[in-house]
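Subject: Structure for you to look at

Hello,

Here is the structure I said I would pass on. Please open it alongside this message, as the notes below refer to it throughout.

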Amino acid sequence: MKRGWILRREADGLFFTDACRNDERNEWIESKGEARVWADHASCCAAAQTWLAVKGESLEVVNVG
């Protein structure tokens, strides 16, 4: 797994991914290893805040190493 930060949905523990990376076009997946990785903490936190503002859903920022 790459080093950096990922997003986990608090409601069900699924991880955010780029929908264009899978055939089903899902944004949320079970595999932590296939999650979208942000290189720095600040940008991952900004993505979580944007998701909260747009979708009203809290996300957890997780360090992957």
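Below is what was found, from the overall fold down to single residues.

Please keep in mind that this is a predicted model.

Overall layout

Of the 65 residues in the protein chain, 29% are buried. The accessible surface of the chain is about 4200 Å², and carbon and sulfur atoms account for 45% of that surface. If you take the contacts between residues at least 6 apart in sequence, 54% of them join residues at least 24 apart.

Nonpolar cores

The largest nonpolar core is made of nine residues: Leu7, Leu14, Phe16, Trp28, Trp38, Cys44, Ala48, Trp51 and Leu59. Helix 1 (residues 41–55) supplies the largest share of this core, with three residues. Another core, of six residues, lies apart from it; Phe15, Ile29, Ala35 and Val64 are among its members. As general background, nonpolar side chains in soluble globular proteins tend to be buried together.

Cysteine 44 belongs to the nine-residue core. Leaving aside neighbours within four places in sequence, cysteine 44 is in contact with Trp5, Ile6, Leu7, Trp38 and Val61.

Aromatic rings

There are four aromatic pairs in the model. One of them joins phenylalanine 16 and tryptophan 28, in an edge-to-face arrangement with 5.4 Å centre to centre and 70 degrees between the planes. Because phenylalanine 16 is in strand 2 (residues 15–16) and tryptophan 28 is in strand 3 (residues 28–29), this pair ties together parts that are twelve residues apart in sequence. Phenylalanine 16 and tryptophan 28 are both buried.

Phenylalanine 16 also pairs with tryptophan 38; here the arrangement is tilted, with 6.1 Å centre to centre and 35 degrees between the planes. This second pair links distant parts of the chain, since tryptophan 38 is in the loop between strand 3 and helix 1, 22 residues apart from phenylalanine 16 in strand 2. The relative accessibility of phenylalanine 16 is 14%, so the residue counts as buried. Tryptophan 38 has a relative accessible area of 11% and is therefore buried. Ring pairs link Phe16, Trp28, Trp38 and Trp51 into a cluster.

Two charged residues lie over rings of this cluster. Arginine 36 lies over the face of tryptophan 38, at 4.3 Å from the ring centre. Lysine 55 lies over the face of tryptophan 51, at 5.4 Å from the ring centre.

Two further residues

Threonine 17 is in the loop between strand 2 and strand 3. Is threonine 17 buried or exposed? Its relative accessibility is 2%, so threonine 17 counts as buried. A polar atom of the threonine 17 side chain lies 3.1 Å from the backbone oxygen of glutamate 34.

Histidine 41 is in helix 1. With a relative accessible area of 37%, histidine 41 is partly exposed, because the partly exposed class runs between the 20% limit for buried and the 50% limit for exposed. Not counting residues up to four places away in sequence, histidine 41 touches Trp5 and Val61. The C-alpha atoms of histidine 41 and valine 62 are 9.1 Å apart, while the two residues are 21 residues apart along the chain.

Regards

Key:
Residues are numbered from 1 along each chain as its sequence is written. This is a predicted model: local features need pLDDT of at least 70, side-chain atom pairs count only at pLDDT 80 or more; totals for chains, interfaces and linings use all residues. Side-chain values use heavy atoms; hydrogens and water are left out. A nonpolar core is a set of buried Ala, Val, Leu, Ile, Met, Phe, Trp, Tyr and Cys residues joined through side-chain atoms within 4.5 Å. Buried means under 20% relative accessible area, exposed over 50%, partly exposed in between (1.4 Å probe, protein chains only). Helices (H or I, at least four residues) and strands (E, at least two) are DSSP runs, numbered from the N terminus. Contact means heavy atoms within 4.5 Å. Accessible areas come from the Shrake-Rupley method with a 1.4 Å probe; for residues, only the protein chains shown count as cover. Rings of Phe, Tyr and Trp (its six-membered ring) pair if their centres lie within 6.5 Å; planes under 30 degrees apart count as stacked, over 60 as edge-to-face and the rest as tilted. A charge sits over a ring if NZ of Lys or CZ of Arg is within 6 Å of the ring centre and within 35 degrees of the ring normal. A polar contact is a pair of N or O atoms within 3.5 Å; within protein, one must be able to donate a hydrogen and the other to accept it, and residues adjacent in sequence count only if both atoms are side-chain atoms.
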